[in-house]
Amino acid sequence: MADYDYNLVFEGGGAKGLVFVGALQEFEAQGYTAGRVLGTSAGAITAAMLAAGYNAAELREAVDEKLPDGKPRFSTFMDVPDKFSPQEIDDSLMNLIFRAIDLPFVTEAAERKLDAHLMNGLLRLSIFRQLFSFVEKGGLYSGQALVDWLTDRLNQNGRNLGGVTLAEFNQRTAKDLTVVASDTTAGKILVLNHRTAPHCPVVAAIRMSMSIPFVWQEVRWQAEWGPYRGQNITGHVVVDGGVLSNFPIELLISTEPEILDMMGAHDGVYAVGLLIDEELPVAGISALNVAEAPRPEPKFPLDLKSLAATQRVTQLINTMLRGHDKLVIDAYADGVCRLPAQGYGTTDFELSAIRAQALIDAGQTTMRDFLLRLHIFLRDNHPHHLPQRLRN
């Protein structure tokens with residue numbers, strides 16, 4: 001039998017993933033340990049940090065990190081792209097439009113210089129860089145701030161895991177980490193771990209898993225990341241795992257040969273899923289849904305977050321990420337801890353201290369109640385899955 005109590009699966013949900021901190025505080029306070037960890041999007045970050053040796057207190061410190069002006073560092077995750085390569089600019093739709101416009105009595109060479117001057121001028125505007133990024137790279141924000149934060153955290157306290165591959169991460173930590181992303185070129189799920197993509201960097205795997213469509217720039221698989229399950233997918237466009245499986249608990253409970261090929265043999269340990277449930281209220285917080293909240297009036301210079309089109313995209317994202325893997329969840333209901341997050345949004349990275357604390361507290365209380373129910377269920381139905389210290 002394994003020397004840990006439960007395998008853990010973390011759902012995606014962007015900023016709502018803060019609720020995991022409270023849940024893990026209670027999990028740890030009751031003396032339980034995690035074995036294999038699996039996650040999508042925000043769940044991928046939590047899974048990776050657990051596998052890197054973070055405890056609940058360190059996780060809390062990480063999410064509480066502040067900038068010099070007092071804002072949470074998480075607020076920087078909505079980072080406006082600062083530059084694009086000459087090739088990206090040359091191949092862009094906007095550049096093609098400029099070229100299609102024929103100015104009378106102006107030579108072609110002069111038109112090209114004028115086009116370049118106009119493009120360079122527009123790219124000095126942050127709002128244009130966001131629109132350019134949205135059209136050309138599938139997201140308003142670059143995601144580099146998230147990569148920098150994650151790299152810092154995986155390197156912290158001598159861990160030095162910010163630059164390692166999935167295979168190296170497994171070798172150094174002896175932890176079985178899996179994150180899920182979506183290959184939109186091939187139209188299939190990517191299950192990323194040391195078995196399927198050993199040469200893929202851990203940070204890149206998580207960045208792909210976090211690449212919420214229309215929010216962060218999509219990621220293209222790089223040749224140096226090697227094959228995926230023996231196949232060359234260089235250049236494939238990869239986005240958030242939630243597009244295909246936001247709560248991939250099936251990967252740890254299925255006995256299908258293809259899944260076992262990706263995940264390895266079962267270790268006999270019960271899998272607990274941490275699911276973010278937007279229909280469950282958070283104590284002390286209004287039930288007002290983020291999508292229904294009053295929208296600030298656009299100001300100049302324009303902030304794209306305040307525009308109606310951006311709000312519609314945000315609502316679409318929130319709806320998409322609520323599409324849980326319902327059949328598996330219903331069949332495995334006793335192993336799923338539903339964490340409340342009503343009134344919180346996927347891209348709500350600038351939470352006030354009060355709202356953030358309420359979400360963390362809700363996670364802790366919910367996990368406490370869930371563990372009590374789980375132990376009764378396992379004792380009565382699957383006693384061999386109970387942690388050893390609970391069997392007497």
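A salt bridge here is a side-chain nitrogen of Lys or Arg within 4 Å of a carboxyl oxygen of Asp or Glu. The model is predicted. By this rule it holds 19 salt bridges.

**Stop one.** Select Arg60 and Asp64. Their side chains form a salt bridge, with N to O at 2.9 Å. Now colour Asp64 by accessibility. Asp64 has a relative accessible area of 32%, so it counts as partly exposed.

**Stop two.** Select Glu65 and Arg153. Their side chains meet in a salt bridge, N to O at 2.9 Å. Where does each partner of this pair sit? Glu65 lies in the loop between α3 (56-63) and α4 (86-90), while Arg153 belongs to helix α8 (residues 144-155). The two are 88 residues apart, so the pair links distant parts of the chain.

Glu65 is partly exposed because its relative accessibility is 22%.

**Stop three.** Select Arg73 and Asp152. This salt bridge spans 3.1 Å, N to O. Again the pair links distant parts of the chain: Arg73 is in the loop between α3 and α4, Asp152 in helix α8, 79 residues apart. Arg73 is buried, with a relative accessible area of 15%. Asp152, at 42%, is partly exposed.

**Stop four.** Keep both of the last pairs on screen. Glu65, Arg73, Asp152 and Arg153 are linked in a network of salt bridges.

Note on methods:
Residues numbered from 1 in each chain as written. Predicted model: local features only at pLDDT ≥ 70, side-chain atom pairs only at ≥ 80, totals over all residues. Heavy atoms only, no water. Buried < 20%, exposed > 50% of the residue type's maximum accessible area, 1.4 Å probe, protein only. Helix = DSSP H or I, 4+ residues; strand = E, 2+ residues; numbered from the N terminus.
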